[in-house]
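Please look at the sequence and the structure before reading the points.

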Amino acid sequence: MSFQLSQADHSWTIFLDRDGVINHDKDNDYIRHVGEFVMYENTLNALQTLSQLFHRVVIVTNQKGVGRGLMTLEDLNGIHDLLLEEVRKVGGRIDKIYFCSDTDNDSPNRKPNPGMAFQAREEFPDIDLSKSMVAGNRLSDMEFGRNAGMHTIFIATTHPEVPFPDERIDVRFDSLFAFAAACRREMKS
């Protein structure tokens, strides 16, 4: 049986990728500082909705640009501080942002490896990965979800050409806002 959003309720966790889901991505480059961080229209509305519907809201993002010295940890923290503040202003919340700056693709914390999900579960023991979803714009996000035992939501903002159905993808939406609206309609209260 395939996964339906109606199976989820307020006890669930949503893991969100950042670039290409929350904010515009740069093709073959990194969002290096606050000035390059531009959220999609309606992202804040989506995050407010997801905050109301999910017990935990967690961001998991690969940030190899830090490890490669193309941006500093201070730059990355500045972006995340801005994001957290903007979400707070609309009455939403993000429980934690996990990032992996490792340059080695085999790093246990670099998606598609599930390390960041395990970090979240360790810090928040109430997270049940079988009652969690990941929303991302790349197949590596979907593989991350599968590797951690989660359900997968493909956000087709930057890669609409990815075929669907695909065994790695449970549900597909055109944007984070469309996903949040469907969660509001379909999730159990």
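In this predicted model, helix α3 runs over residues 73-89 and has 17 residues. From its first C-alpha to its last, α3 reaches 24 Å, close to the 24 Å expected at 1.5 Å a residue.

**Helix α3 and its surroundings**

- The buried residues of α3 are L76, I79, H80, L83 and V87.
- Seen down the axis of α3, these buried residues fall within an arc of 90°, so they line one face of the helix.
- On the other side of α3, the residues E74, R88 and K89 are exposed.
- The cover over the buried residues of α3 includes α1 (43-53), β2 (56-62), α2 (64-67) and β3 (96-100).

**Aromatic pairs**

- A pair of aromatic rings is described by the distance of the centres and the angle of the planes.
- The count comes to three aromatic pairs.
- One of them is stacked: F3 and W12 are 5.8 Å apart centre to centre, with 25° between the planes.
- Both F3 and W12 are buried.
- The ring centres of F15 and F144 are 6.5 Å apart and their planes are at 70°, so this pair is edge-to-face.
- F15 lies in strand β1 (residues 13-16) and F144 in helix α5 (residues 139-148), so the pair ties together parts that are 129 residues apart in sequence.
- Both F15 and F144 are buried.

**Residue S189**

- S189 lies in the segment after α6 (176-186).
- S189 counts as exposed because its relative accessibility is 98%, and exposed means over 50%.
- The C-alpha atoms of S189 and W12 are separated by 11 Å, although the two residues are 177 residues apart along the chain.

Methods:
Residues are numbered from 1 along each chain as its sequence is written. This is a predicted model: local features need pLDDT of at least 70, side-chain atom pairs count only at pLDDT 80 or more; totals for chains, interfaces and linings use all residues. Side-chain values use heavy atoms; hydrogens and water are left out. Helices (H or I, at least four residues) and strands (E, at least two) are DSSP runs, numbered from the N terminus. Buried means under 20% relative accessible area, exposed over 50%, partly exposed in between (1.4 Å probe, protein chains only). Rings of Phe, Tyr and Trp (its six-membered ring) pair if their centres lie within 6.5 Å; planes under 30 degrees apart count as stacked, over 60 as edge-to-face and the rest as tilted. The expected span of a helix is 1.5 Å times one less than its number of residues. The arc is that of the directions from the helix axis to the C-beta atoms. Contact means heavy atoms within 4.5 Å.
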